[in-house]
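Welcome to this short tour.

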Amino acid sequence: MSRMEYNYNEESLHSTVSEVVSLWNTSLGSHFPLEERLYRQQALFKKQNSALFVARRKVARQKVAQRKREEGQMVGAALARIDATFAGAKEAARERASRLTGYVSFVVVSPDERGKGIGTELLSLAELWCKGQGAQTVRLGSDYPHFFPGVPVSIPPQESSLMGGAPFSEDVRMSEFFAKKGYRADWTEYDLIADLQKIDLGNSPSEVFAQPDYHFSLCSDELRPATLEFLSTSFPGRWYQEMVDGFENGLQNEDVALAVQNDSEKVVGFARIGSRASTHLCPGLFWRGLLGPNSGALGPIGVDSSCRGKGLGLALLRASLSELKRRGVDLTVIDWTDLVGFYGKLGFRPWKAYLGMSKQL
């Protein structure tokens, strides 16, 4: 088929859920198996200004009766977003606050229809939409809420995952495709993985934490205000908003680990954790279909700047992982980080990698 044999339109996110999920899994499911639950959580986010562009096969009118089942089959999809509120630290360092950033959350094309200009057309429509919204820059991934930190790329064999899977086979094609469309590479981020059952994490989270003047605690209804106050001051922007939106959408108290000052009950550190029992999927569990029944996740994690250099961050990390291990978690993912060496000290190593890419419109 030629490009003229496809229809390209903006379509409703809500009415196309099952089609997009099916297309995604046909295209990327072996490495990024998408659950409908996750797609609804991330793509149908009410606070985001977004547009879904879809490519469908055209069917000749005289053949509609004979080919009714194939009429309008979705063969490609791209999600575009605009957001100037939750720019991450790396974006903020490069862009003025007054400049809107557009995001292409994903572009997926059916394997049988590649090489026919579908991805090019969908990307162009996404870029034009972003520009029409006032964006001066477009980023690939890293949107809020995101599916990918950037463009998925392969990890060298010496850093291969615990899962022993094949390298991501689409990485060269994807990164080269976007490079030809004018996108430049900015950074590389990783999802890291480790088996907690092979790490010594003490007998309990509190024992592992063991910091003078501070104690480890899971969040509670009473601690939620202090937690959000800490985040608004220490990590304003994306991390704060993620927790606000998370609590509003089912994030459980037990999935937020805290470092709390003894005398004042002031929250000075936090870590988001999750397991198969979590009601709200955190990023480390996005691709849990690859991880087995006892998988878990950690991230983001951070402590107040006034408390750094005391070992509090590492203590909170170990205590949070100890809590996951207490719940029976084995394979655990720490998502979207470049601190490979730091987490490597605890046995984490790269599992997936992403190339940050952007383009000036």
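Begin by selecting Glu 265, which sits in the loop between β9 (256–261) and β10 (267–275). Strand and helix names such as these follow DSSP runs, numbered from the N terminus: helices are H or I runs of at least four residues, and strands are E runs of at least two. Before going on, please note that this is a predicted model, in which local features need pLDDT of at least 70, side-chain atom pairs count only at pLDDT 80 or more, and totals for chains, interfaces and linings use all residues. Residues are numbered from 1 along each chain as its sequence is written, and side-chain values use heavy atoms, leaving out hydrogens and water.

What is the phi of Glu 265? It is positive, about 60°, although Glu 265 is not a glycine. Glu 265 counts as partly exposed because its relative accessibility is 39%; buried means under 20% relative accessible area, exposed over 50%, and partly exposed in between (1.4 Å probe, protein chains only).

Now select Asp 213, in the loop between α6 (205–209) and β8 (214–218). Asp 213 is another residue other than glycine with a positive phi, near 75°. Is Asp 213 buried or exposed? With a relative accessible area of 55%, Asp 213 is exposed.

Next come two cis peptide bonds. Select Tyr 144 and Pro 145: the bond joining them is cis, with omega about -10°. Pro 145 lies in the loop between β5 (137–140) and β6 (151–153). Then go to Gly 299 and Pro 300, where the peptide bond is cis with omega near 5°. Pro 300 belongs to strand β11 (residues 296–303).

For the next stop, select strand β3 (residues 74–82). Nine of its nine residues are buried, so β3 is largely enclosed by the rest of the structure. Which strands pair with β3? Strand β2 (residues 49–57) pairs with β3 in the antiparallel sense over eight bridges, and strand β4 (residues 101–109) runs antiparallel to β3, joined by seven bridges. Two strands pair if DSSP finds at least two bridges between them.

Finish at Leu 314 in helix α9 (residues 312–326). Leu 314 is partly exposed, with a relative accessible area of 39%.
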